[in-house]
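Please read the following briefing alongside the sequence and the model.

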Amino acid sequence: MLDRVDPAYLSVPSRVGSYGDEAIDLAREYGRPPDAEQCIAIDAMLSYRTGGRWVALESGVVEPRQNGKTGGIVLPPVMFDFFLLKPDKIVWTAHLFKTARESFTDIRNIIDGCHALAKRVRKITYANGEEAIELNNGARLEFLARSKGGGRGIGGKRIVMDEALFLPSEAMGALMPTLAARSMTGDPHIMYASSAGVLGSDHLRGLRDRGRKGSDPSLIWVEWCAPGSWDEPGCGLGPECPHATDTDGCALDDEYLWKLANPALGRRISVEYVRAERRALPPEEFGRERLGWFTEPAGIDVDALIEKWTACGDDESRPSGRPVFMIDASPGLKSAAIVACMWRPDGRPHLEVVAHEPGSTWLPARAARLQKHRPLDWIIDPGGPAGALLPDLRLVGIDPREMSMRDMGQACSAFVAAVEDEWLRHLNDQVMLRALKAADKRELSDGLWAWSRRKSGGDITVLVGATGALWGLSVSPPPQAPPPAPMVTSVAASRSETSDLARAGF
């Protein structure tokens, strides 16, 4: 085994020095001398710049579980700040109340066992949900479980985000503005501690991507993991490896890789135990927990999707069924779209953009005129920007079916499947092609995903509209009688940039 396992990734902005030695000395005094690897991380996370201010707003450490990142890496900087620096409030948070309570108990036991620290304590609060330690000089250390809403009520000079793999981006969106008032007169710092991310670890994954680049001036990053990933595991069979325990050449069985990700292997974690874990855990769980490989969301292969979308194009496509219309709008209602989906005589769905124009004030009147086509349904995502149009739509007699978040997640999967199977047909609409090229996705719960307006590189209203219209056609009951053939009318006067492609008389 290796004597010392350096981090796979270590990124520290340009600094003047570090308080790491002082924190390490304090840890030794209270009976928790850090390992050599832990000293590397402590030194990095307590880096300061000119004037003694922290060199970065954020610092993060990612390491497999039971290697000592909480007690051996995060705790020393917190104890140093709490006992030796200017008194202020520090907040220690965790995803679960149980974890926050365990951290409180551990620190309380450390203080009880060290007279030099215990004599400086004024008060300890034990009430559930209000656990806190207060010093004689007024410094206060609070322990909280993060609520779903996240960070709006959290404030302090140092904030610990333990179990950061469960930290939602929305929580940080609520927290960051609360620290702004300290940016001039205080010295705020956010610490993240976690094992490798799960599917929903969007915020941690963003930190990892910033940290691994090594050039972020506001982030200190320390990460232990084995080389490779699920896309490039380094197995004998490559990405096609099933990662079963009887597979020759599987990276998950390489004990040298285990050590690179787990510095405590052979010290606090026995090799025999990890071998048993390998046999007991599903491969994906073992790879995440012992090799430090993040579970990655399924990305969009844009080139492959564009190729399939192009293959679905049919300039001569003629629908015969009544339409389902989906209404969508961009953030701030800067643009809006109506997209239709109808059945063709051959049983395939036909998609076309009815209108896509700047602003949104035009849409209710346009939708009212489309009622003459006797639509099977109108669809809208009430949680998106288009939800603001609902009152005006109802004034013109249109009360759309409202998609839930789960509906949207299922609709997105169904849309991509229909494209990949080359099942649907469209009119080679250039505005749809641009939207597909710009599109990105965001993860939902239970393995679902949805198109992301924030991540996408352009206006995707027509893509969201097409996705919802296809879903609406699948859930709308068929008409009682065969529909009449569509009446094709001149569309030259339409303002839509796709109007020259319309085939259903919109």
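Rings of Phe, Tyr and Trp (its six-membered ring) pair if their centres lie within 6.5 Å, with planes under 30 degrees apart counted as stacked, over 60 as edge-to-face and the rest as tilted. By that criterion, ring pairs link Tyr19, Tyr48, Trp54 and Phe80 into a cluster. The model is a predicted one, in which local features need pLDDT of at least 70 and side-chain atom pairs count only at pLDDT 80 or more, while totals for chains, interfaces and linings use all residues. Residues are numbered from 1 along each chain as its sequence is written, and side-chain values use heavy atoms, with hydrogens and water left out.

**Aromatic pairs and charges**

- The structure holds 14 aromatic pairs; in one of them, the ring centres of Trp309 and Phe415 are 6.1 Å apart and the planes stand at 35°, so this pair is tilted.
- Trp309 belongs to helix α12 (residues 302-311) and Phe415 to helix α15 (residues 405-420), so that the pair links parts of the chain 106 residues apart; helices (H or I, at least four residues) and strands (E, at least two) are DSSP runs, numbered from the N terminus.
- Trp309 and Phe415 are both buried, where buried means under 20% relative accessible area, exposed over 50% and partly exposed in between (1.4 Å probe, protein chains only).
- A charge sits over a ring if NZ of Lys or CZ of Arg is within 6 Å of the ring centre and within 35 degrees of the ring normal; Arg158 lies over the face of Trp54 at 4.8 Å from the ring centre, and the charged end of Lys441 is 4.2 Å from the centre of the Trp449 ring.

**Strand β5 and its partners**

- Five of the six residues of β5 (residues 89-94) are buried, so this strand is largely enclosed by the rest of the structure.
- Strand β5 runs parallel to β8 (residues 140-145), joined by six bridges, and parallel to β9 (residues 158-161), joined by four; two strands pair if DSSP finds at least two bridges between them.
- Ile90 has Arg158 in β9 as its bridge partner, and Arg158 is also the residue over the face of Trp54.

**The open sheet**

- Five strands form an open sheet of mixed pairing, in the order β14-β13-β12-β15-β16.
- Strands β14 (349-358) and β16 (401-402) stand at the edges with a single partner strand each, so one side of each has no neighbour in the sheet.
- Strand β13 (residues 335-343) pairs with β14 in the antiparallel sense over nine bridges, and Met342 has His350 in β14 as its bridge partner.
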